[in-house]
Amino acid sequence: MVGIDWYLALSAVIFTIGMIGVLIRRNAIVVFMCVELMLNAVNLSLVAFSAYHGDVTGQILVFFSLAVAAAEAVIGLAIILAIFRNNLSVDITKVNLLRW
Amino acid sequence: MELYSFTFLAVLAIASAVGMILTRNTVNSALLLVLNLLSVAGLYLVLQAQFLALIQVLVYAGAIMVLFLFVIMLLNLDEEESFFDKIRVKYIVAFLLGVVIFGQILYSLGGITDLLPEISEEMEFAGTVEALGDVLYTDFLFAFEMTAILLTAAVVGAIMIAQYKKTDKGDS
(Lines give C-alpha, C1' and ligand atoms only; values in the text may rest on other atoms or scores of the structure.)
Protein backbone atom coordinates (compact mmCIF):
# COMPACT_ATOMS: atom_id res chain seq x y z
CA MET A 1 0.00 0.00 0.00
CA VAL A 2 1.46 3.32 -1.07
CA GLY A 3 1.08 5.96 1.59
CA ILE A 4 -1.19 8.90 0.96
CA ASP A 5 1.68 11.36 1.41
CA TRP A 6 3.25 10.06 -1.81
CA TYR A 7 0.09 10.84 -3.69
CA LEU A 8 -0.03 14.32 -2.18
CA ALA A 9 3.63 14.92 -3.04
CA LEU A 10 3.04 13.76 -6.62
CA SER A 11 0.05 16.06 -6.84
CA ALA A 12 2.16 18.97 -5.55
CA VAL A 13 4.90 18.26 -8.10
CA ILE A 14 2.46 18.18 -11.03
CA PHE A 15 0.73 21.32 -9.76
CA THR A 16 4.05 23.15 -9.55
CA ILE A 17 5.07 22.06 -13.03
CA GLY A 18 1.75 23.37 -14.33
CA MET A 19 2.27 26.68 -12.54
CA ILE A 20 5.77 27.12 -13.95
CA GLY A 21 4.32 26.38 -17.38
CA VAL A 22 1.68 29.08 -16.93
CA LEU A 23 4.39 31.54 -15.98
CA ILE A 24 6.95 30.86 -18.70
CA ARG A 25 4.99 29.90 -21.80
CA ARG A 26 3.65 32.56 -24.13
CA ASN A 27 1.37 30.53 -26.34
CA ALA A 28 -2.15 30.99 -24.95
CA ILE A 29 -3.18 27.41 -25.76
CA VAL A 30 -0.21 25.93 -23.93
CA VAL A 31 -0.91 28.20 -20.96
CA PHE A 32 -4.46 26.92 -21.00
CA MET A 33 -3.31 23.31 -21.10
CA CYS A 34 -1.08 24.02 -18.11
CA VAL A 35 -4.16 25.21 -16.22
CA GLU A 36 -5.81 21.89 -17.06
CA LEU A 37 -2.71 20.16 -15.71
CA MET A 38 -3.04 22.03 -12.41
CA LEU A 39 -6.74 21.14 -12.14
CA ASN A 40 -5.80 17.54 -12.77
CA ALA A 41 -3.18 17.55 -10.02
CA VAL A 42 -5.72 18.83 -7.51
CA ASN A 43 -8.18 16.14 -8.64
CA LEU A 44 -5.53 13.52 -7.94
CA SER A 45 -5.11 14.67 -4.36
CA LEU A 46 -8.89 14.71 -3.87
CA VAL A 47 -9.17 11.13 -5.11
CA ALA A 48 -6.31 10.08 -2.85
CA PHE A 49 -8.00 11.59 0.20
CA SER A 50 -11.31 10.05 -0.79
CA ALA A 51 -9.80 6.59 -1.23
CA TYR A 52 -7.93 6.69 2.06
CA HIS A 53 -10.95 7.90 4.00
CA GLY A 54 -13.15 5.33 2.32
CA ASP A 55 -15.55 8.19 1.76
CA VAL A 56 -17.03 8.65 -1.67
CA THR A 57 -17.72 12.37 -1.33
CA GLY A 58 -14.26 13.36 -2.55
CA GLN A 59 -14.82 11.48 -5.77
CA ILE A 60 -18.15 13.25 -6.24
CA LEU A 61 -16.25 16.52 -5.92
CA VAL A 62 -13.82 15.35 -8.61
CA PHE A 63 -16.80 14.49 -10.80
CA PHE A 64 -18.13 18.04 -10.49
CA SER A 65 -14.66 19.43 -10.98
CA LEU A 66 -14.42 17.50 -14.26
CA ALA A 67 -17.70 19.00 -15.41
CA VAL A 68 -16.53 22.51 -14.51
CA ALA A 69 -13.20 21.86 -16.26
CA ALA A 70 -15.08 20.86 -19.41
CA ALA A 71 -17.16 24.05 -19.30
CA GLU A 72 -14.04 26.11 -18.63
CA ALA A 73 -12.17 24.49 -21.53
CA VAL A 74 -15.00 25.25 -23.93
CA ILE A 75 -15.30 28.90 -22.89
CA GLY A 76 -11.54 29.41 -22.76
CA LEU A 77 -10.98 27.99 -26.23
CA ALA A 78 -13.79 30.17 -27.56
CA ILE A 79 -12.10 33.22 -26.04
CA ILE A 80 -8.74 32.18 -27.52
CA LEU A 81 -10.41 31.85 -30.93
CA ALA A 82 -11.94 35.32 -30.58
CA ILE A 83 -8.56 36.78 -29.57
CA PHE A 84 -6.95 35.08 -32.54
CA ARG A 85 -9.51 36.65 -34.89
CA ASN A 86 -8.75 40.10 -33.53
CA ASN A 87 -4.96 39.87 -33.20
CA LEU A 88 -3.98 37.09 -35.61
CA SER A 89 -1.84 35.74 -32.79
CA VAL A 90 -2.23 33.76 -29.60
CA ASP A 91 0.93 35.16 -28.07
CA ILE A 92 -0.22 36.38 -24.67
CA THR A 93 2.40 39.12 -24.54
CA LYS A 94 0.70 40.73 -27.53
CA VAL A 95 -2.64 40.89 -25.73
CA ASN A 96 -1.76 43.97 -23.73
CA LEU A 97 -4.75 46.26 -24.11
CA LEU A 98 -5.47 46.16 -20.38
CA ARG A 99 -1.85 46.35 -19.37
CA TRP A 100 -0.98 48.99 -16.88
CA MET B 1 2.76 -4.70 -7.25
CA GLU B 2 0.92 -1.57 -6.23
CA LEU B 3 4.17 0.14 -5.40
CA TYR B 4 5.55 -0.63 -8.85
CA SER B 5 2.42 0.62 -10.61
CA PHE B 6 2.46 3.78 -8.55
CA THR B 7 6.13 4.45 -9.24
CA PHE B 8 5.79 3.80 -12.94
CA LEU B 9 2.69 5.96 -13.34
CA ALA B 10 4.06 8.76 -11.18
CA VAL B 11 7.30 8.95 -13.14
CA LEU B 12 5.32 8.86 -16.38
CA ALA B 13 3.04 11.67 -15.17
CA ILE B 14 5.88 13.92 -14.05
CA ALA B 15 7.96 13.26 -17.17
CA SER B 16 5.07 13.98 -19.51
CA ALA B 17 4.20 17.16 -17.58
CA VAL B 18 7.79 18.42 -17.82
CA GLY B 19 7.90 17.51 -21.50
CA MET B 20 4.63 19.31 -22.03
CA ILE B 21 5.87 22.66 -20.80
CA LEU B 22 9.24 22.32 -22.52
CA THR B 23 8.36 21.11 -25.99
CA ARG B 24 8.37 23.62 -28.80
CA ASN B 25 5.55 22.19 -30.84
CA THR B 26 1.99 22.88 -29.63
CA VAL B 27 0.59 19.60 -30.96
CA ASN B 28 3.30 17.61 -29.16
CA SER B 29 2.45 19.55 -26.05
CA ALA B 30 -1.21 18.54 -26.33
CA LEU B 31 -0.31 14.89 -26.92
CA LEU B 32 1.99 14.87 -23.89
CA LEU B 33 -0.87 16.31 -21.84
CA VAL B 34 -2.99 13.35 -23.03
CA LEU B 35 -0.25 11.01 -21.80
CA ASN B 36 -0.25 12.81 -18.45
CA LEU B 37 -4.04 12.54 -18.14
CA LEU B 38 -3.89 8.84 -19.00
CA SER B 39 -1.26 8.15 -16.36
CA VAL B 40 -3.34 10.04 -13.78
CA ALA B 41 -6.27 7.84 -14.84
CA GLY B 42 -4.03 4.87 -14.12
CA LEU B 43 -3.32 6.29 -10.68
CA TYR B 44 -7.08 6.54 -10.09
CA LEU B 45 -7.26 2.84 -10.90
CA VAL B 46 -4.51 2.15 -8.37
CA LEU B 47 -6.61 4.10 -5.87
CA GLN B 48 -9.59 1.93 -6.86
CA ALA B 49 -11.63 4.78 -8.22
CA GLN B 50 -12.72 2.90 -11.33
CA PHE B 51 -15.53 5.21 -12.34
CA LEU B 52 -13.36 8.31 -12.23
CA ALA B 53 -10.61 6.61 -14.21
CA LEU B 54 -13.15 5.82 -16.90
CA ILE B 55 -14.55 9.35 -16.89
CA GLN B 56 -11.05 10.79 -16.96
CA VAL B 57 -10.21 8.86 -20.12
CA LEU B 58 -13.55 9.55 -21.79
CA VAL B 59 -14.07 13.20 -20.92
CA TYR B 60 -10.60 14.60 -20.39
CA ALA B 61 -8.32 12.59 -22.63
CA GLY B 62 -11.09 12.07 -25.16
CA ALA B 63 -13.40 15.02 -25.49
CA ILE B 64 -11.49 17.97 -24.07
CA MET B 65 -8.17 17.13 -25.69
CA VAL B 66 -9.84 16.59 -29.08
CA LEU B 67 -11.29 20.07 -28.66
CA PHE B 68 -7.81 21.42 -27.94
CA LEU B 69 -6.36 19.69 -30.98
CA PHE B 70 -9.14 21.04 -33.17
CA VAL B 71 -8.46 24.59 -32.01
CA ILE B 72 -4.71 24.14 -32.59
CA MET B 73 -5.52 22.89 -36.07
CA LEU B 74 -7.91 25.80 -36.75
CA LEU B 75 -5.41 28.40 -35.64
CA ASN B 76 -2.59 26.79 -37.62
CA LEU B 77 -0.01 28.11 -35.20
CA ASP B 78 3.57 28.85 -35.89
CA GLU B 79 6.12 27.74 -33.41
CA GLU B 80 6.46 29.93 -30.42
CA GLU B 81 9.14 32.50 -30.99
CA SER B 82 11.95 33.38 -28.62
CA PHE B 83 10.96 31.13 -25.73
CA PHE B 84 14.00 28.94 -26.20
CA ASP B 85 16.37 31.45 -27.67
CA LYS B 86 17.65 33.08 -24.57
CA ILE B 87 17.23 32.56 -20.91
CA ARG B 88 15.55 35.64 -19.59
CA VAL B 89 15.24 36.98 -16.09
CA LYS B 90 11.53 36.25 -16.03
CA TYR B 91 12.05 32.53 -16.60
CA ILE B 92 14.42 32.38 -13.67
CA VAL B 93 11.92 34.30 -11.57
CA ALA B 94 9.17 31.92 -12.69
CA PHE B 95 11.28 28.93 -11.76
CA LEU B 96 12.13 30.36 -8.34
CA LEU B 97 8.47 31.19 -7.77
CA GLY B 98 7.61 27.60 -8.67
CA VAL B 99 10.16 26.30 -6.19
CA VAL B 100 8.71 28.59 -3.49
CA ILE B 101 5.16 27.39 -4.16
CA PHE B 102 6.33 23.78 -4.12
CA GLY B 103 8.12 24.32 -0.83
CA GLN B 104 5.01 25.93 0.59
CA ILE B 105 2.84 22.97 -0.42
CA LEU B 106 5.35 20.51 0.99
CA TYR B 107 5.57 22.54 4.20
CA SER B 108 1.83 22.46 4.67
CA LEU B 109 1.85 18.74 3.86
CA GLY B 110 4.51 18.22 6.50
CA GLY B 111 2.36 20.08 9.00
CA ILE B 112 -0.52 17.62 8.66
CA THR B 113 1.39 14.39 8.24
CA ASP B 114 0.33 13.17 11.66
CA LEU B 115 -3.30 13.84 10.84
CA LEU B 116 -3.39 11.87 7.61
CA PRO B 117 -6.10 9.23 7.58
CA GLU B 118 -5.52 5.57 8.15
CA ILE B 119 -6.57 3.19 5.44
CA SER B 120 -10.14 2.30 6.14
CA GLU B 121 -12.08 -0.89 5.55
CA GLU B 122 -14.61 0.67 3.21
CA MET B 123 -11.96 1.66 0.71
CA GLU B 124 -12.58 -1.26 -1.61
CA PHE B 125 -16.17 -0.26 -2.22
CA ALA B 126 -15.68 3.47 -2.49
CA GLY B 127 -14.92 3.85 -6.16
CA THR B 128 -17.52 1.78 -7.98
CA VAL B 129 -20.20 3.29 -10.18
CA GLU B 130 -22.80 1.96 -7.78
CA ALA B 131 -21.31 3.68 -4.75
CA LEU B 132 -20.85 6.95 -6.59
CA GLY B 133 -24.30 6.92 -8.12
CA ASP B 134 -25.87 6.20 -4.75
CA VAL B 135 -24.49 9.42 -3.33
CA LEU B 136 -24.64 11.48 -6.49
CA TYR B 137 -28.36 11.03 -7.11
CA THR B 138 -29.41 11.49 -3.52
CA ASP B 139 -27.25 13.87 -1.51
CA PHE B 140 -25.85 15.81 -4.44
CA LEU B 141 -28.87 15.85 -6.72
CA PHE B 142 -29.18 19.63 -6.66
CA ALA B 143 -25.51 20.15 -7.49
CA PHE B 144 -25.85 17.60 -10.26
CA GLU B 145 -28.71 19.51 -11.84
CA MET B 146 -26.79 22.75 -11.46
CA THR B 147 -23.91 21.13 -13.37
CA ALA B 148 -26.30 20.42 -16.22
CA ILE B 149 -27.33 24.08 -16.27
CA LEU B 150 -23.68 25.15 -16.13
CA LEU B 151 -22.77 22.97 -19.11
CA THR B 152 -25.70 24.29 -21.12
CA ALA B 153 -24.70 27.85 -20.31
CA ALA B 154 -21.10 27.09 -21.28
CA VAL B 155 -22.15 25.71 -24.67
CA VAL B 156 -24.35 28.74 -25.40
CA GLY B 157 -21.65 31.12 -24.22
CA ALA B 158 -18.97 29.41 -26.30
CA ILE B 159 -21.11 29.68 -29.42
CA MET B 160 -21.82 33.34 -28.69
CA ILE B 161 -18.14 34.16 -28.17
CA ALA B 162 -16.66 32.12 -30.98
CA GLN B 163 -19.17 32.69 -33.75
CA TYR B 164 -17.94 34.49 -36.77
CA LYS B 165 -19.86 37.67 -37.43
CA LYS B 166 -19.84 39.01 -40.93
CA THR B 167 -20.00 42.69 -40.17
CA ASP B 168 -19.52 45.19 -42.92
CA LYS B 169 -17.47 47.98 -41.57
CA GLY B 170 -19.27 50.69 -43.50
CA ASP B 171 -22.70 50.26 -41.99
CA SER B 172 -22.45 50.40 -38.30
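Student: What share of the residues in chain A is buried, and how do you know that a residue is buried?

Tutor: Buried residues make up 54% of the 100 residues in chain A. A residue is buried if 20 or more other C-beta atoms, placed from the backbone, lie within 10 Å of its own. Keep in mind that this is a predicted model: local features need pLDDT of at least 70, side-chain atom pairs need 80 or more, and totals for chains, interfaces and linings use all residues. Residues count from 1 along each chain as its sequence is written, and chains are lettered from A in the order written.

Student: What makes up the secondary structure of chain A?

Tutor: Three helices and zero strands (DSSP runs: H or I over at least four residues for helices, E over at least two for strands).

Student: Why is chain A called more spread out than a compact globule?

Tutor: Its radius of gyration, taken over C-alpha atoms, is 17 Å, well over the 13 Å that the globule rule (2.2 Å times the number of residues to the power 0.38) gives for 100 residues, so chain A is more spread out than a compact globule. Along its principal axes, the C-alpha trace spans about 50 × 25 × 20 Å.

Student: Why are helix 1 and helix 2 of chain A called roughly antiparallel?

Tutor: Their axes, lines fitted to C-alpha atoms over the stretch in contact, come within 8 Å and cross at roughly 170°. Angles over 145 degrees count as roughly antiparallel, so helix 1 of chain A is roughly antiparallel to helix 2 of chain A.

Terms used: Axes are lines fitted to C-alpha atoms, for helices over the stretch in contact, and angles run from 0 to 180 degrees between N-to-C directions. Angles under 35 degrees count as roughly parallel, over 145 as roughly antiparallel, 65 to 115 as roughly perpendicular and the rest as oblique. A residue is buried if 20 or more other C-beta atoms lie within 10 Å of its own, exposed if 12 or fewer, and partly exposed in between; C-beta atoms are placed from the backbone.
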